[in-house]
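Here are my notes on this structure, written for someone opening it for the first time. Please read them with the sequence and the 3D view at hand.

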Amino acid sequence: MAPKKQKDAASKSRGNLIEDEALEWLKPRALIKPDDQEDVPEADLDEEVGRVLTTINPNWVADEVAYHYGLGRFVAKPKPTFGKAYPLYIYQGTAIRKDSEEAKAQIAAGYGMVGFDDAGPKRAKVKKSAAEEEEEEEPEPEPQPPEEAKAEEDAVADEEKPSEAVEGPHEPEPVADDLEATAGDVGEEPEGDEKDESKDTGEEVLEIKPRVKKLANQFNFCERAALTYNFPRRSVDTQTIPPPRANYGSTALQCIIFDYYQEDYARKQREKEEDKPKRLRKKTAKHVKSAQQIHDEQLAQRIREAWTILERLVNQNIYDDIAQDYRYWDDPSDEFREGMGSLLPLWRFQFEPMRSHAVCDVQWNPHYQDLFAVAYGSLDFTSQQKTGCLCLYSIKNPAYPEYAVVTDSPVICLDVYKETPYLICVGLYDGNVCVYNAQLTLESSYQYKSDSVRDKHSNIVWEVRWGARLIDGESTFFSISGDGRVVQWAVMPGELQATTIITLTSNVPPIPGPDGTMINVNSCGSCICFHPEKPDIFMVGTEDGMIHTCSLKYNRNYVRSVQGHHMPVYRINYNYFNNSIYASCSGDWRVKIWEDGREEPLFMFELGAAVGDVKWAPYSSTVFAACTADGKVYVYDLNVNKYRPICVQAVVSKKTKKLTRIDFNTRLPVIVCGDTKGTCHVLKLSPNLRVMCKPPKKAQGVDQRTLQIMKLDKLLSLVRDPPYQTGVVDEKFDDD
């Protein structure tokens, strides 16, 4: 019974092997055969296939030919000397056979020849001891007859002659200190005497075989100078205190990176100056202000501020009647003449050094209501001034400007930055643009200038306008010049970077140059104006009377072009209440009111003289003013009269002066205009020129801006032609 139980247990354990995963390695292995495997008989599998290696290369070309262009036929190539074998490495050895001609020549030159101590057999005398002499004592042989002795001497002499010939050029060298060589006088002394002498003295003569000098082994040769000493390796360890560690985090702004680069550049410049000899170093006198000097400057600044306040008090007392009129007086005649108004002259601002200059541009400060900036230049190109000036005037002190800086070139245009009102960009007559900081002292002059910029303008800069900030936060402004380019200037830390936005093209066909090359004629830009709500849309006026609508996103061509005037377009200005309405003025005596999407103007007014500037009023949607070259200011209100101005007033004499620029104050009921003699005139608007809209009875809570928009829309609905597609520019750029 016991064997049966063991057999059942064994069978049971084998069956459990399949179910137990831990004993997977004990399971029987089964070969897996692919389905598409070909069946081969066992006889074919057991068959032995032999491979025979031969010296014949099947790819060897026995007779290789090449085409010979000189003979015009195929010629057999010479077979290589190495036969069918292909040598992978060939090295020219230096071992040669001794019996070759080259080896004989080397031996003749001294390499491998018999040395000076190898000239035939040598004889040396060795002293014998007493025991050896006793052993060798023998009876003396009988002397030979004289004839036989003579024959032996002749034979010895013949054997020694060739050895003497070889030995000639060498000197004998002693083999040992206790041996004496007798190579030089072997043939002179007879042999019999030597034997007798050796017998008498007890010495023995030994023969030494010649030695041959071996050639240098070229395969195992070491140059003595190439052997170097290999120093033993040593491991040097030291223990130091671990450096302190700390976690540091900061924001690397562009301005911080720029400051570090500037410091590094200044340090490298100082190192270069120190490396130079003292006689070549630049003499830079570093003026370090002492505490007393700083105190004196602060005291002078406080005194200057006190004198400024005192000067204003004195001027306000002098011009008290004008200040009272500016503040309280309104023309009472407006009550009796409906639809007509007047301008009250208040102050005249003039800078004495700039009496011969013209007011090329004027603009009120957007933050300070009593401050305006003036650009002094020259519009008379026959007698152009060499210098210009940028001034800031305040109506609190009409006697002297608050800020004045003289420029190297006449100032043609300016623009005050709305975000930072102390920054003013100006365009010069020589094509440069500058940025001035009114908070800095006058010693610093301009803060930025395009002198070193490569892509600056090559003609007069007619107008500059501040634009939207870049993605990185840098301020930008745009300029248009007579060279036909609109350039964007990025105010980077320490420099200005220029980017050409668009180059104005002309309809004039290309003209041939001096060398016959066809040159494209660019159109000369004269003014630029940006869309109030869309900073990437702007309009430019040209000297040939065209008005182009352009985009910063698409600078290859114009968005839309209109033949606005027949002479240069001097100014373009958008309406404050409707962004699709804008006005333009030109030297063809006309002022035109346009709407986006129309080829023809809505209104057109002829003023009888060249119109230098036109501006929309900030308080009314239908009022605008223009100044002309005959010294008059025209004020229009389209809601009152669509055909004639409601105010025409001569400000200067048309015989001696011309009005150049005009601007409305955004908060006060005054305007300022400049003439060609450097004088700025401040005029107050009468009540009829600044009438506000009255809300209707059904809409008493509507604000003034909404009422002004409604008034302009009502006016345009009466003037427009049959319905048209509004906002062509808007539809074109809605998807951008």
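1. An open sheet of four strands comes first, with the order β14-β15-β16-β17 and antiparallel pairing. Strands and helices are DSSP runs numbered from the N terminus, with E and at least two residues for strands, and H or I and at least four residues for helices. Two strands pair if DSSP finds at least two bridges between them. β14 and β17 (495-503) stand at the edges with a single partner strand each, so one side of each has no neighbour in the sheet. From one strand to the next the twist averages 25 degrees; the axes behind it are lines fitted to C-alpha atoms, for helices over the stretch in contact, and angles run from 0 to 180 degrees between N-to-C directions.

2. On the basis of the notes: this is a predicted model, in which local features need pLDDT of at least 70 and side-chain atom pairs count only at pLDDT 80 or more, while totals for chains, interfaces and linings use all residues. Residues are numbered from 1 along each chain as its sequence is written, and side-chain values use heavy atoms, with hydrogens and water left out.

3. Within the sheet of point 1, strand β14 covers residues 461-466 and is mostly covered, with six of its six residues buried. Buried means under 20% relative accessible area, exposed means over 50%, and partly exposed lies in between (1.4 Å probe, protein chains only). β14 is joined by five bridges to strand β15 (residues 476-481), and the two run antiparallel. In this pair, W466 stands opposite F477 in β15. Further along, strand β16 (residues 485-492) pairs with β17 over eight bridges, again in the antiparallel sense. R485 stands opposite T503 in β17.

4. How many residues of strand β7 are buried? Seven of its seven residues (371-377) are, so the strand is mostly covered. L371, A373, A375 and G377 point one way from β7, F372, V374 and Y376 point the other way, and all are buried.

5. Strand β6 (residues 358-364) pairs with β7 over six bridges, and D361 stands opposite A375 in β7. β6 and β7 form a hairpin, with six residues between them. Strand β8 (residues 388-394) also pairs with β7 over six bridges in the antiparallel sense; here A373 stands opposite L392 in β8.

6. A further open sheet is formed by four strands in the order β24-β25-β26-β27, with antiparallel pairing. Its edges are β24 (569-574) and β27 (603-606), each with a single partner strand, so one side of each is left without a neighbour in the sheet. Neighbouring strands of this sheet are turned by 15 degrees against each other on average, direction ignored. Five bridges join β24 to the antiparallel strand β25 (residues 581-586), and R571 stands opposite C585 in β25.

7. W589 deserves a look in the loop between β25 and β26 (590-595). W589 is not a glycine, yet its phi is positive, at about 75 degrees. Is W589 buried, exposed or partly exposed? W589 has a relative accessible area of 40%, which makes it partly exposed.

8. R560 is found in strand β23 (residues 560-563). R560 is buried, with a relative accessible area of 10%. A polar atom of the R560 side chain lies 3.5 Å from the backbone oxygen of R598.

9. Two helices remain. L715 is placed in helix α10 (residues 704-719) and is buried at 5% relative accessible area. L715 and L638 are 77 residues apart in sequence, and their C-alpha atoms are 7.9 Å apart in space. In helix α8 (residues 291-318) lies L299, which counts as partly exposed at 36% relative accessibility.

10. L299 also belongs to a nonpolar surface patch of about 770 Å², made with I303, W307, I309, L310, L313, V314 and I318. Patches consist of residues with over 30% relative accessible area and no salt bridge, with like charges joined within 9 Å and nonpolar side chains (Val, Leu, Ile, Met, Phe, Trp, Tyr) within 5 Å. A salt bridge is a side-chain nitrogen of Lys or Arg within 4 Å of a carboxyl oxygen of Asp or Glu. Accessible areas come from the Shrake-Rupley method with a 1.4 Å probe, and for residues only the protein chains shown count as cover.

Note on methods. Polar contact = N/O pair within 3.5 Å; in protein donor to acceptor, adjacent residues only side chain to side chain.
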